[in-house]
Amino acid sequence: MKKLNLLAFFLLIMASATAQNLTATEIVQRADNNRRGKSSMSEITMTIIRPTWTREVGIKAWSMGTDFSLTLITSPARDRGQTFLKRGRDLWNWQPSINRMIRMSSSVMGQSWMGSDFTNDDMVRESSIVNDYTHKLLGRERVREFDCFKIELTPKENSAVVWGKVITWISVNDFVEIKTEFYDEDNVLVNTFNSFDIKSFGNRRLATRMEVIPAERPNQKTVMTIINQEFDITIDESFFSQQNMRRVR
């Protein structure tokens, strides 16, 4: 038993030492890889909370790397079947209620997604937190029960991004994004993102509940809860097509 404890302690020290030597960009890359995997499928409930009402949206999402994603709205009935597709930098929205395929431009990325406090960019990920920003390690801070790297992200020149600045806190041990603050071009806080209920998915540790609270409306928020998550699924690039947007279920 003592040998096992010593081994666990040694592995913990080695992991901590490795984390200490990482650059800010490497930390952000690890967090991004941890969240994505090579491919994935998610079932999610999004709850939009307002002072006088609450609305739930059912979501099923597939992704492959950073270039391909398809998001299906499964509920409520009036939105069921609506899909969002990303192929590289091309973004599309299929709206079955009006039988229309809409190409999404960079100008709509900062707008609300499905009436929530998440932006279109948050959900369809036109911008890349790894490639479209420069990263600066500001130090380490405690966020709730987590020891975190505090990293500032600033947009690279000519990057098509929504935010003027992002500050994120990533856990030292698991590389989970615990908290993130999003600022506009005038350095004014717009949204605060917090992660809760960290759970294991194979060799990954992920948050299963995420909340976004707008700075100007602290009495409202949007909560995303992961119901099911699978990584490294078998999926082909052809799955992420406009044709499949109309028939995926």
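A salt bridge here is a side-chain nitrogen of Lys or Arg within 4 Å of a carboxyl oxygen of Asp or Glu. Lys221 forms one with Glu211, the closest N and O atoms being 3.5 Å apart. Lys221 sits in strand β13 and Glu211 in strand β12, so the bridge ties together parts that are 10 residues apart in sequence. Strands are DSSP runs of E of at least two residues, helices are runs of H or I of at least four, and both are numbered from the N terminus.

The model is predicted: local features need pLDDT of at least 70 and side-chain atom pairs pLDDT 80 or more, while totals for chains, interfaces and linings use all residues. Residues are numbered from 1 along each chain as its sequence is written, and side-chain values use heavy atoms, with hydrogens and water left out.

**Salt bridges**

The salt-bridge count comes to 16. Three of these pairs are tabulated below.

| Pair | Closest N to O | Separation in sequence |
|---|---|---|
| Lys221 and Glu211 | 3.5 Å | 10 residues |

Salt bridges with shared partners join Asp32, Arg35, Arg36 and Glu177 into one network.

Exposure uses relative accessible area: buried is under 20%, exposed over 50%, partly exposed in between (1.4 Å probe, protein chains only). Lys221 is partly exposed at 25%, whereas Glu211 is buried at 10%. Arg35 is partly exposed at 27%. Glu237, at 39%, is also partly exposed. Arg87 counts as partly exposed at 30%.

**Around Thr222**

Thr222 lies in strand β13 (residues 221-231). Thr222 is buried, with a relative accessible area of 0%. Its side chain makes a polar contact of 2.8 Å with the side chain of Asp117. A polar contact is a pair of N or O atoms within 3.5 Å; within protein, one must be able to donate a hydrogen and the other to accept it, and residues adjacent in sequence count only if both atoms are side-chain atoms. Contact in general means heavy atoms within 4.5 Å. Leaving aside neighbours within four places in sequence, Thr222 is in contact with residues including Met46, Ile48, Phe118, Met210 and Glu211.

**Pockets**

Pockets come from a 1 Å grid over the protein atoms alone: each is an open set of points where a 1.4 Å probe fits, with protein on both sides within 12 Å along at least five of seven lines, and lining residues have an atom within 4 Å of a point. Grid points are joined across faces, edges and corners, and a volume is the space filled by probe spheres set on the points.

The largest pocket has a volume of about 250 Å³. It is lined by 18 residues, with Val190, Asn191, Pro214, Ala215 and Arg217 nearest its centre. Strand β11 (residues 189-201) gives the largest share of this lining, 3 residues. The lining divides into 7 nonpolar, 7 polar and 4 charged residues. Ala, Val, Leu, Ile, Met, Phe, Trp, Tyr, Cys and Pro count as nonpolar, Asp, Glu, Lys and Arg as charged, and the others, Gly among them, as polar.

The second largest pocket holds about 160 Å³. Among its lining residues are Arg30, Asn33, Phe175 and Arg204. Helix α2 (24-36) and strand β12 (204-214) each supply at least two lining residues, and α2 gives the most, with 3. This lining has 1 nonpolar, 4 polar and 4 charged residues.
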